[in-house]
Amino acid sequence: MGEVTQSLAKTLLDLALDIAKSTSELLVDKRPVDMKVESKSSPVDLVTEMDKAAERHIVQRIKEVRPNDSFLGEEGTAQAPENPSNVRWIIDPIDGTVNYFYNHPYWAISIGIEIDGEIQAGVVAAPLLHETFYAHKNGGSFVLHDQKLMQLKANSGTKIEKALIGTGFGYDVEIRKKQGAVLHEMVAIARDVRRAGAASLDFCYVAAGRLDAYYEFGLYPWDFAAGSIIASEAGARVGGIDQKPIGEKWSLCSNADLFDELDVLITSLKNKYF
Ligand code: LIP
């Protein structure tokens, strides 16, 4: 990566951190008691008025200073301007919408920054957990927790039977049955499994050593764009399974020395149940 790209990534990361702060204030301070909510792909796949408001806020703040950038947002922002720059913002305004709707604290604002088609920086802000995770390529990975800055480092040397593994489930009941079948076997193999409800934070938890691995079927780019670089800059390995890239159905993030073993296991479970 050239110096120009690295310098641009740092500049855009600073902008994303500031926008994550103002978006956090919007989502926490302006959270309505009688929040309007609609369903998307299924009756349990929610989108609230605040998902849409947060995405509008993020896009507007970026456009004020970078009118030629492109966007891919979970709530529908996908336009590319007439003379697009080489920057695309990949946004999940509320990752963990169900948790936000229930006022359960495990949700985050996820902003991934792609330059020339490659993720170069990312911010995952969890306001109710007082944590903002961030990274840029070759710059390391960090968490700001109550104004205390710590560098992140993924775990190493964990055997699968001692691994604490995160996962998640989609919104389609037939897919959930298959994900449940995979989980049924995984809980008998790993130390334990956690399902917390926000992919971007799950990637950050691997980066922070709070999980040894995280896998999920059916993530979208906005679920993993920011978390993937935060995890990889902390020494974790990120990808798909069965030699596929991340997000091509399956996503896997783990301690580098556990990845291949988990890839083989999850691929076998995928072949058995999907
Ligand atoms: C969520 C993901 C999570 C998955 C949930 C949901 P959303 O994203 O972050 O990993 O298990 O079902 O898809 O929909 O809250 O932005």
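**Exercise 1: The shell around the ligand**

Task. Determine which of the 17 residues around the ligand come nearest.

Solution. In this predicted model, the residues that come nearest are Asp95, Gly96, Phe169, Ala199 and Glu216. Next, sort the shell by class: seven residues are nonpolar, six are charged and four are polar.

**Exercise 2: Polar contacts and cover**

Task. Identify polar contacts of the ligand, using a cut-off of 3.5 Å between N or O atoms.

Solution. An N or O atom of the Ala199 backbone lies 2.7 Å from a ligand oxygen atom, and for a backbone N or O atom of Gly96 the distance to an oxygen atom of the ligand is 2.8 Å. Then turn to side chains: an N or O atom in the side chain of Arg195 is 2.9 Å from an oxygen atom of the ligand. Finally, consider the cover: of the 380 Å² of accessible area that the ligand has on its own, the protein covers 94%.

**Exercise 3: Location of the ligand**

Solution. Second, β4 (87-95) and β12 (213-217) each supply at least two shell residues, and β4 gives the most, with three.

Definitions and conventions:
Residues are numbered from 1 along each chain as its sequence is written. This is a predicted model: local features need pLDDT of at least 70, side-chain atom pairs count only at pLDDT 80 or more; totals for chains, interfaces and linings use all residues. Side-chain values use heavy atoms; hydrogens and water are left out. A residue is near a molecule or strand if one of its heavy atoms lies within 4 Å of it. A polar contact is a pair of N or O atoms within 3.5 Å; within protein, one must be able to donate a hydrogen and the other to accept it, and residues adjacent in sequence count only if both atoms are side-chain atoms. Accessible areas come from the Shrake-Rupley method with a 1.4 Å probe; for residues, only the protein chains shown count as cover. Helices (H or I, at least four residues) and strands (E, at least two) are DSSP runs, numbered from the N terminus. Ala, Val, Leu, Ile, Met, Phe, Trp, Tyr, Cys and Pro count as nonpolar, Asp, Glu, Lys and Arg as charged, and the others, Gly among them, as polar.
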